Amino acid sequence: MSSPDAPAPVAHSSRAALPALVVGALGVVFGDIGTSPLYALKECFSPEHGIAPTPENVKGILSLITWSMAWVVAWKYLSVMMRADNDGEGGILALLALALRGIHHEPRMRWFVIMLGIFGAAMFYGDSMITPAISVLSAVEGLEIATPVFSRWVIPVTLAILAALFLIQRHGTGRVGAFFGPVTALWFVAIAVAGLSRLGDHPDIVHALNPAQAVGFLVANPLPGFLVLGAVFLVLTGGEALYADMGHFGKRPVRIAWFGLVMPSLLLNYYGQGAFLLANPAAVKNPFYLMLPGWALLPMVALATAATVIASQAVISGAFSLTRQAIQLGYMPRLKIAHTSEKEIGQIYLPSINWILAIACVWLVLSFGSSSALASAYGIAVTTTMAITTTLMYVYARRTWNVPKAIALPVAGLFLCIDLAFLGANLVKVLHGGWFPLAVAGFVFMLMTTWKRGRQILSARLREASLPVDVFLQDVEKRPPTRVKGTAVFMDRIPEGIPPPLLHNLKHNKILHERVVFLTVVTDEVPRLKEKERSRVEYLGPGCWRVTLHYGFMENPDVPRALRKLKLDGKGFE
């Protein structure tokens, strides 16, 4: 999902701004996927999978990790998905809007696509609750490695960090965000160096670069190999952000950051953990921290904690952004939105969403107690969203791009096979915690669809009860009321008929202003609109106008500002 802490929109074409955009992308886009080394490889060798850390198994799993990252992140998202941008914006709601453009006259298909997109968006809320909990908890667990004395402090310290994280949200993240990129860059350099220093423990670990190692592992371990895909997928969590945050930074900075630093650093660390694991099989309980020299352990815990807080901040901000988009599109009730920056429209704070996430995170930490236990709940939300994204992409490619079925179907089918394989491996976790993101998504999906349907029913009732414009104007001409100076603006949900507040005002006060404006604010299925597309003015009759203001779902409507730019009979608003 997108994070509003990045500038929006930005001038992607400026060469001078490119380094800053690359650094910014490191902090916002790659925080989640960048902290996966803390727990991903450890979970692959969890006792429940029954896979011993033998050379063949370690190389096979590392090969799965390597080619999963190459296929899902580098090929699917960076090469294919980023071509589907909605006026520069990415993410599942932006892709949903794109897919709907080509199926306006197919009500059944349109309904199916909308339901699919909404459910994918709903899944993000489960992910946004689990990510802060598992990320911070996995970082703090390094204290146990430093000394067993710290064992009883892991949960309290984790809860304290999470509490501080959610408490600072109301102050905005602009100042903190300035440090996100550099700190995350330092994190990637640190994990790359840590992994590189351990490659000498077992140099032949580089054989895992051969995809035949992954195939051999799956052939030798069919059922365990399939189930371990649920743990392998942990290296991809956050991959959806590459597409979702495209609008904040542009395609080129995200690609440069990934290929130039993120992917090499991640692979070096995973391979370093693998080499260390082959030399020290007992380190399977936490290879990330155990492979570090004693003097580097506490500094790495501190850096890991900072990196996980950044990853958590990005997903929390993403929940704020997604909620605002859902409100704009009419899928959620109006909630209080506080703007924490006078310069960046994307920096917002939703108190209700913030505290729901905070309570959920605390409950998850207390209920599961460890990152290994939480890993069972992780992955289902992201894999489901990835599969839905692939489906929406296919609809968009076929109906809007007019890509031949002979090309679109095999490509989308291959992507979907990989997505469904990861989803299937994660579904076995349902009884062990995977039910949580599904329950959250089910509740949010019900809320969004019910609210949208309720708005549609209300609009229909208002339309039926509204007085036609021509009837109103004829009545005003026959029995003209007293006209007073000034302009009266009446908000009108339905751009048809006469707003009931005007009729009540006329009935009780017996007056009508010189100029009467019926104002309707419409959210279109595009991220942003150009200023010239913002307003439409229709003259209805003596002293009456209908004004329709259009906004994209990524924009915050500024009605007074838009009205000040309009002219009625050559005059501005008084």
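Q: To start with, how many of the 10 residues of helix 5 are buried?
A: This is a predicted model, and in it nine of the 10 residues of helix 5 (residues 92–101) are buried, so the helix is largely enclosed by the rest of the structure.

Q: Which residues are the buried ones in helix 5?
A: They are Ile-92, Leu-93, Ala-94, Leu-95, Leu-96, Ala-97, Leu-98, Ala-99 and Leu-100.

Q: And what covers the buried residues of helix 5?
A: The cover includes helix 6 (107–140), helix 12 (240–244), helix 16 (294–328) and helix 19.

Q: Helix 19 and helix 20 pack together, but at what angle?
A: Helix 19 (residues 380–399) and helix 20 (residues 405–427) pack at an angle of about 170°, and their axes are 8 Å apart. Helix 19 is therefore roughly antiparallel to helix 20, as angles over 145 degrees count as roughly antiparallel.

Q: What kinds of residues make up the contact of helix 19 with helix 20?
A: The residues of that contact divide into 13 nonpolar, five polar and three charged. From helix 19 they include Ile-380, Met-386 and Tyr-394, and from helix 20 they include Phe-415, Leu-416 and Phe-422.

Q: New topic: where does Ser-63 lie?
A: Ser-63 lies in helix 4 (residues 55–80).

Q: Is Ser-63 buried or exposed?
A: Ser-63 is buried, because its relative accessible area is 0% and the cut-off for buried is under 20%.

Q: Which residues is Ser-63 in contact with, leaving aside its neighbours within four places in sequence?
A: Ser-63 is then in contact with Ala-208, Asn-210, Pro-211, Gln-213 and Ala-214.

Q: What about cysteines: how many disulfides does the structure hold?
A: The structure holds zero disulfides. As for individual cysteines, Cys-361 counts as buried at 0% relative accessibility, and Cys-544 is buried with a relative accessible area of 1%.

Q: Finally, what pLDDT does the protein chain average?
A: The protein chain averages a pLDDT of 85, and 93% of the residues score at least 70. Among the elements of the chain, helix 10 (residues 211–220) has the highest mean pLDDT, at 95, while helix 13 (residues 246–249) has the lowest, at 71.

Q: Where does pLDDT stay under 50?
A: It stays under 50 over residues 1–14, for which the model has 50 contacts beyond four places in sequence. Where pLDDT is low, the predicted coordinates should not be read in detail.

Note on methods: Residues numbered from 1 in each chain as written. Predicted model: local features only at pLDDT ≥ 70, side-chain atom pairs only at ≥ 80, totals over all residues. Heavy atoms only, no water. Axes fitted to C-alpha atoms, helices over the stretch in contact; angles between N-to-C directions. Helix = DSSP H or I, 4+ residues; strand = E, 2+ residues; numbered from the N terminus. Parallel < 35°, antiparallel > 145°, perpendicular 65-115°, else oblique. Contact = heavy atoms within 4.5 Å. Nonpolar A, V, L, I, M, F, W, Y, C, P; charged D, E, K, R; others polar. Disulfide = S-S within 2.5 Å. Buried < 20%, exposed > 50% of the residue type's maximum accessible area, 1.4 Å probe, protein only. pLDDT = per-residue confidence, 0-100.
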